[in-house]
Amino acid sequence: MVLAAVWLVLYLYYRKEWAATFVCKTGPETQPDPALTRLVWCSLVILIGLAVANIAASLITGAIVIPLPLIGLAAALPILVLSSQRLPVLRSIDWCTLVFFAAMFVLMAAVWQTGFFQSLAGVTGVTAVPAILGTSVIISQFISNVPFVALFQPLILQAGGGTARLMALAAGSTIAGNLTILGAASNVIIIQQAEARGETLTFTEFAKVGVPLTLIQIGIYAVFLGVV
């Protein structure tokens, strides 16, 4: 139902654009490096294999056996160790974005240790599913959705929140990125990449579609999670 709502809202706003014909402009073709291609496939196999193993282990034992950072590092090793293109690959990484994400988590850990967020959440008493949905969407506009989950999930667990409340947190923090550009860091990254290629998406243009869409999604999730 949520995906159907996304399709319907986008169609109502952009039906003229969908009916138009676009010509895809591509840059000059570059010859792939066969050696690098083989290593990329090797990395992909490692990534998928470890991810599947982790999922299987979690279903059997109920715990994540392989740490997620270790999976990423293991998948990157073939390229970083064996490829002659390792330096160009490293230079092409968006280090500013990585530092930005790391700094956000450091900041959120500091906020958690101060106890300010716990006391604020305790005063507001955000425990009901609709309240968690609304709070996730709103606060994510100020600190982004991933750091918000890092802060709020321990509070829900400490309060004895079950599956429905955790799903409300996951749903609310996810659709927060639909409300405005600031709701998810991934929005900012994508728009920055688009602007570097001459495409522009303004805050208002994003919000005129995102606000009604997010309200519809909150309603759907509130009904669904209220039944769960």
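Which helix gives the most residues to the lining of the largest pocket? The legends below lead to the answer. This is a predicted model, in which local features need pLDDT of at least 70, side-chain atom pairs count only at pLDDT 80 or more, and totals for chains, interfaces and linings use all residues. Residues are numbered from 1 along each chain as its sequence is written, and side-chain values use heavy atoms, with hydrogens and water left out.

**View 1. The whole chain has 11 helices and 0 strands.** Helices (H or I, at least four residues) and strands (E, at least two) are DSSP runs, numbered from the N terminus. Along its principal axes, the C-alpha trace spans about 60 × 50 × 35 Å.

**View 2. The largest pocket has a volume of about 430 Å³.** A pocket here is an open set of points on a 1 Å grid where a 1.4 Å probe fits, with protein on both sides within 12 Å along at least five of seven lines; lining residues have an atom within 4 Å of a point. The volume is the space filled by probe spheres set on the points. Helix 11 gives the most to this lining, with 5 residues. Among the lining residues you can look for V6, L10, Y14, F206 and L213.

**View 3. L12 sits in helix 1 (residues 2-19).** With a relative accessible area of 48%, L12 is partly exposed, a class that falls between buried (under 20%) and exposed (over 50%), using a 1.4 Å probe and protein chains only.
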